[in-house]
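Thanks for making the time this morning. I would like to walk you through one model, going from the contact between the chains down to a single residue, so please have the view open.

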Amino acid sequence: MQFASIRLLPALCLALAAGIAGAAQSDDARLAALKKRLAAMAEQTAQVEAVTQLQRIGRSFGYYVDKGYFGEAADLFADNATFRWGNDGIYRGKSRIRELLTRHGGGSMKEGPGLPFGRLNLRMQLQPVITVAADGKSAQGRWREWGLLGQYKKAAIWGDAIIEDRYLLEGGVWKIAARDYYVNFEAPYQGGWAVLKPGTFTAQSAVAKEFAPDSPVPSAYPAFPAVYVPPYHFAGSTPAAIQGRPPVQSSPKRADDALGRLEAEADARELQLARAQSLRAVENLHGIYGYYVDKGQWKQAAALFSRNGTYEFGQSGVYVGPASIERGLSLMGPAGLQEGQLNNFVMVQPIIHVDAQNRTARARWRNDVLQSRAGQGRWGGGIYENEYVNENGTWKISKLHYHVTFWGEYEQGWGAKPIPMDPPSTTLPPDRPPTLVYQSFPKLQVVPFHFDHPVTGKPHEVQ
Amino acid sequence: MATNKIASTVLARGLVLLLGLAGAGGAAAAPSAADIAAVEKELSALAPRIERLEDLHEVEIVQHAYGYYVDKAQWKSLADLFADDATLEIGGKGVFLGKQRVYQYMNEGMGAPGPRDGLLIDHQQFQCLPTILEDGVTARARCIAFVMSSGGWGHVYYENVYRKYDGKWKVQTLHGPFNMYSGYRQGWVDNVTVNTYPEKFAPWPDLPPTVVYLTYPSYYAEPFHYANPVTGKVAPPPSPRAGGEAFGR
């Protein structure tokens, strides 16, 4: 980050070299061009602000329902918004949504906010992928909900769901216009998700039996242990969610007059804005990668890498290029997974840095894994230290390095039954050996940080 | 970082000014002062909005870094995230005053620096909701620490205050109310820890807890620092019956 102050130097050197000889454009044309550029910057700023605001709305939802503030949660929706709850059906309008959330969360329609004794309704809202429409008036978002639910002395339950939202800008205020809430499972803590039987969540919930939806779902889906992919609002390897401005190749020369001074300031602001937008694009990119990995979509996940991108997981070695990376990913299971296989890769806690030219980025991410294979549940946890590249405005993963912290059996937990990392595969061997040799839990080590300390600015010294 | 930005902007302006002086006299008719002023106004309206986007990100980085440092007991790095006169209050332990005491709380309360084989203390930072206040140098954030540790599960909120010093955001107030702590074997169906308290472990706090509450299976709702992002209304306190069996009856 200490390099931020020198990022303008190349521009200035160029400007010096060019002098004022290049001021061929008339001042009127220059003024018009600058005004046009500022208008575009204002739109782009609104786009990035929309992403942060929609993240805020999504996270607010979680904080409200956690504590039984169901009216406040329903207030995040437009007046005639719809809420699809799993296969139960569709509820329409704020008051119906409020009651829906209240009933599922164990609250009360009579009282103020709150929950009764012993009710747990922690619904963590994670891994947002937000796509704002080009006109800036609507948007879509995908979220992962990870729930800790239950009733003291009676039940502890894991919740897993995918949310696909549509948002609208109404009178300058972003609101949720439609939410499709795809429950994947509500699994008992004892035994976990691996004990669930087919068909568990195709039937109507107890809430829906007493509180009938306003309309049925267009089509029912098979939840876990089936492998169902809730429709993505994004598609292909270059969705809008991972687009930004191209990197700065060379800074334009600016004349030495009042207008030129403003042009130069606009250049600097434009780059600053482009980098802020890139942060969100990289955040979206890694989120999308996680959603593809969830469902064994190896080809789609591999297509998010650059041509020479690398993939390294634990001690499995390095796979180079999308075709090879697809093979590396397939070590986790068959493409599309099989019934009963869970492969949730929860992507959280990003620390993203975009370089001064908006050309490359680095990010640290936390990952939790909820797996099941052959009827056995598993936990995993690790840290990514990744690199990304801006290919003419589309962000790609150029280096993915997953450092395994722990892997363990669900029943006894990672503490009692840690699973060591796999060595490089002999059937689908990597292109290169591991770049870093280490052991996972019970061994622990500090995963190197790509960034200097946020306050002191000094490189990390292992303590 | 923002200081650097200001510095670089000043530098840029200075050099552009120098260029302007060197080339004076050769320029064609300049646009009207009104035109220039209008453009200048537009740019200066955009600048704080763009800076706010960066600030939101940087505050989140401070909180996320805090989590990574806790994971591996990197107490010096952790304490360095705090302002000299910061405060720290986690669970029911009371308030610790100043960066040195933050270090001591971690070093004595949580154990010596560095990861210890076989002891997992992952403090995962989830769902951060930062707000930059009007003054541009104060921020607040509600976040979750989802703890996966050798002891089991923990779900903790933060309602923190951050302040920008010389362009760097630091933790000014760390306030971490617990929501749920449980062991691994049974999960939160039983065997939950309802809160910590000042004498639970050394060191003792400088000030008593700012709020005394019981966590799950009881109910406590930490006030929200932010207004509802759609209605603009601040959420009221919960029903006084919340956390009791009569709630909703």
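Between the two chains, 96 residues of chain B are in contact with 100 residues of chain A, where contact means that the C-beta atoms of two residues, placed from the backbone, lie within 7 Å. On the chain B side, the elements that each supply at least two residues include helix H1 (2-23), helix H2 (33-71) and strand E3 (121-132), and the largest share, 20 residues, comes from H2(B). Helices here are DSSP runs of H or I with at least four residues, and strands are runs of E with at least two, numbered from the N terminus. By class, that side of chain B has 51 nonpolar, 27 polar and 18 charged residues, counting Ala, Val, Leu, Ile, Met, Phe, Trp, Tyr, Cys and Pro as nonpolar, Asp, Glu, Lys and Arg as charged, and the others, Gly among them, as polar.

A word on the basis of all this: the model is predicted, with local features needing pLDDT of at least 70 and side-chain atom pairs counted only at pLDDT 80 or more, while totals for chains, interfaces and linings use all residues. Residues are numbered from 1 along each chain as its sequence is written, and chains are lettered from A and ligands numbered from 1 in the order in which they are written.

Turning to chain A, an automatic or database domain assignment divides chain A into domain 1 (44-210) and domain 2 (240-416). Their centres, taken over C-alpha atoms, are 26 Å apart, and the contact between them takes 17 residues from domain 1 and 22 residues from domain 2. On the domain 1 side, E3(A) gives the most, with six residues.

Back in chain B, which residues of helix H4 (residues 99-109) are buried? They are Lys99(B), Val102(B), Tyr105(B) and Met106(B), buried meaning that 20 or more other C-beta atoms lie within 10 Å of a residue's own, with 12 or fewer for exposed and partly exposed in between. Seen down the axis of H4(B), these residues fall within an arc of 115°, so they line one face of the helix, the arc being that of the directions from the helix axis to the C-beta atoms. They pack against H3, strand E1 (82-90) and strand E2 (95-97) of chain B.

Finally, Asn308(A) is found in strand E7 (residues 305-313) of chain A, and Asn308(A) counts as exposed because it has 11 C-beta neighbours inside 10 Å. Leaving aside neighbours within four places in sequence, Asn308(A) is in contact with Val320(A) and Gly321(A).
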